[in-house]
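Student: I have a model open on my screen. Can you show me how to read it?

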Protein chains: 2
Amino acid sequence: VNSKHTPYAGHLAIIGLGPGSRDLVVPRAIQMLVECDLVVGYRLYIEQIRDLVEGKEIHVSELTHEVERATLAVLHARAGRRVCVVSSGDAGIYGMAGLVLDILSQVQEETFGSPSATSAEKRPEPLVEIVPGISALNAVAALLGAPLMHDFAVISLSDLLTPWQTIAHRLSAAAAADFVVVLYNPTSRKRHWQLGEAQRLLLESRPATTPVGLVRNAYREGQQVWFTTLDHLLDDDVDMFTTIVIGNSCTRVQQGRMITPRGYERHVSQVHEVREGTKHDSV
Amino acid sequence: VNSKHTPYAGHLAIIGLGPGSRDLVVPRAIQMLVECDLVVGYRLYIEQIRDLVEGKEIHVSELTHEVERATLAVLHARAGRRVCVVSSGDAGIYGMAGLVLDILSQVQEETFGSPSATSAEKRPEPLVEIVPGISALNAVAALLGAPLMHDFAVISLSDLLTPWQTIAHRLSAAAAADFVVVLYNPTSRKRHWQLGEAQRLLLESRPATTPVGLVRNAYREGQQVWFTTLDHLLDDDVDMFTTIVIGNSCTRVQQGRMITPRGYERHVSQVHEVREGTKHDSV
């Protein structure tokens, strides 16, 4: 079977490569890469999986060309091909999944709505599969310790597509309701003041000593993991490759690990029972 | 080298198996299972990876015995063994990571603080590694479409270890600040009223027509994916294996997919440019 010329609708897989290291890519994503005809992605992500897609058609583009990549992927999949859109992290968390689905529904509506559409254009929609991946929140939590054992809010500080007022409201609400807060996109070459403003808003309802964990280049070359407190958040060099976790009122940093307890405070006596060897089943 | 009797500190890996299907377990977690001497976990999770750990020492226990499992793992790792603690989802998101780290630090403080501690007891702490995994939020988002393209709050409705007042405050704050909301543990055999109360709180600042996506048994046998609106949240049978995503003010359900746009509203003309074939680089 030459899948490149099947008369049936194609296959559109949207995958996330996780933080970067190959051993954090789920096998399902690898399978999609191996089985597809065509790979679409940002240059740096394609480099990460170049060995898996040798001989396949590859469309690379630059970081900001998301619409171009998504549209190409949709058009090729509608033409019957097996297409894989490559994202970093989890394609479903601030990733490419939304844009690809958006453009797919747009293109379909245009085609089906047009009286001049030929039957070839009215082909069935491609099979779409989004493969979940390890997002920055999963990766960074693992490297910091266990900060996400309780309710948390995930907020991007990028105001390129979102009014700052919306972001500010969310920061204040999350701080007041004692969520652990995960900050994506804290800063970039063009955005400098947002992290300071976020700090100011968080300090309105969180103590200055609130523990903060930071990870730069999680599971990549140059990985750095460090801790500070909310009042010292701006002392260190935070860049666009850094993800930040701000603790809730119970979070502590102990022996180099950030822990948000889940409420097992009464387990001390149980620990002793197990130690005495009287309280476990072995198989 | 017989790692079971090394004089050095052991290795303590805390892994998450994802939602259940093997092709969503990261290779790093598989490697930890293969390399360890001893596996500790809840019975059902151990069953999922039984083929990978044949011949190894296995400690299984029931669902509620988390403290017992964590303590056993810590004690064996401190005795120099390579231990793997098995969790579902991501061990770092409402998972076993926090409890294990908590007990580790407790046992260490007790040992080092005790004047009678022997030098054997004062051995160096084991190497601890938390391996990130696919949590329900990653899995459910992928199955629903792309609901997590914008800021979101993750809230567990279990009030076994958290006062309901804290949870209620978070629900209200998340709704008012227009977060997408992911609900873990919406109900259980013993907890029935929490989901209705959550609905009431969310409706205080969200329209009745707010889209809601539900997934039961994500990537497991009996998987079900369906959509409703906030006012009809209680019409369907939600159980403890269901995760719920409540959209923000921009989320829509279209052609069977839940999409929260990220703000690319002006991409229509770009789609046409790419269609004309004038706007892409191939490699």
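The dialogue below takes up the interface, the symmetry and a sheet.

Student: What should I know before I start?
Tutor: This is a predicted model: local features need pLDDT of at least 70, side-chain atom pairs count only at pLDDT 80 or more, and totals for chains, interfaces and linings use all residues. Residues are numbered from 1 along each chain as its sequence is written, chains are lettered from A and ligands numbered from 1 in the order in which they are written, and side-chain values use heavy atoms, with hydrogens and water left out.

Student: How many residues of chain A are in contact with chain B?
Tutor: Contact means heavy atoms within 4.5 Å. Here 94 residues of chain A touch 94 residues of chain B. Buried area is the accessible area (1.4 Å probe) that two parts lose on being put together, summed over both. For chains A and B that is about 8,400 Å², with 56% of it on carbon and sulfur atoms.

Student: How many salt bridges cross the interface of chain A and chain B?
Tutor: A salt bridge needs a side-chain nitrogen of Lys or Arg within 4 Å of a carboxyl oxygen of Asp or Glu. The rule finds eight across this interface. One of the pairs is Asp178(B) with Arg170(A), whose closest N and O atoms are 3.7 Å apart. Asp178(B) sits in the loop between helix H6 (164–176) and strand S8 (180–184) of chain B, while Arg170(A) lies in helix H6 of chain A. Helices (H or I, at least four residues) and strands (E, at least two) are DSSP runs, numbered from the N terminus. Arg257(A) also pairs with Glu125(B), at 3.0 Å between the closest N and O atoms.

Student: Which helix gives the largest share of chain A's side?
Tutor: Helix H4 (residues 97–113) of chain A, with 14 residues.

Student: How are the two copies related?
Tutor: Two copies of a chain are related by a rotation about an axis and a shift along it. Copies are superposed by least squares on C-alpha atoms of residues with pLDDT of at least 70 in both. Here the rotation is 180°, the shift along the axis 0.0 Å and the RMSD 0.0 Å. The copies are therefore related as by a two-fold rotation axis. The same surface serves both copies: 100% of the contact residues of chain A recur in chain B. Of chain A's residues, Ala153(A) comes closest to the axis, at 2.1 Å (C-alpha).

Student: How do I read strand pairing?
Tutor: Strands of a sheet pair through backbone hydrogen bonds, either parallel or antiparallel. Two strands pair if DSSP finds at least two bridges between them. Strand S7 (residues 152–156) of chain A runs antiparallel to S7 of chain B, joined by three bridges. Val154(A) stands opposite Phe152(B).
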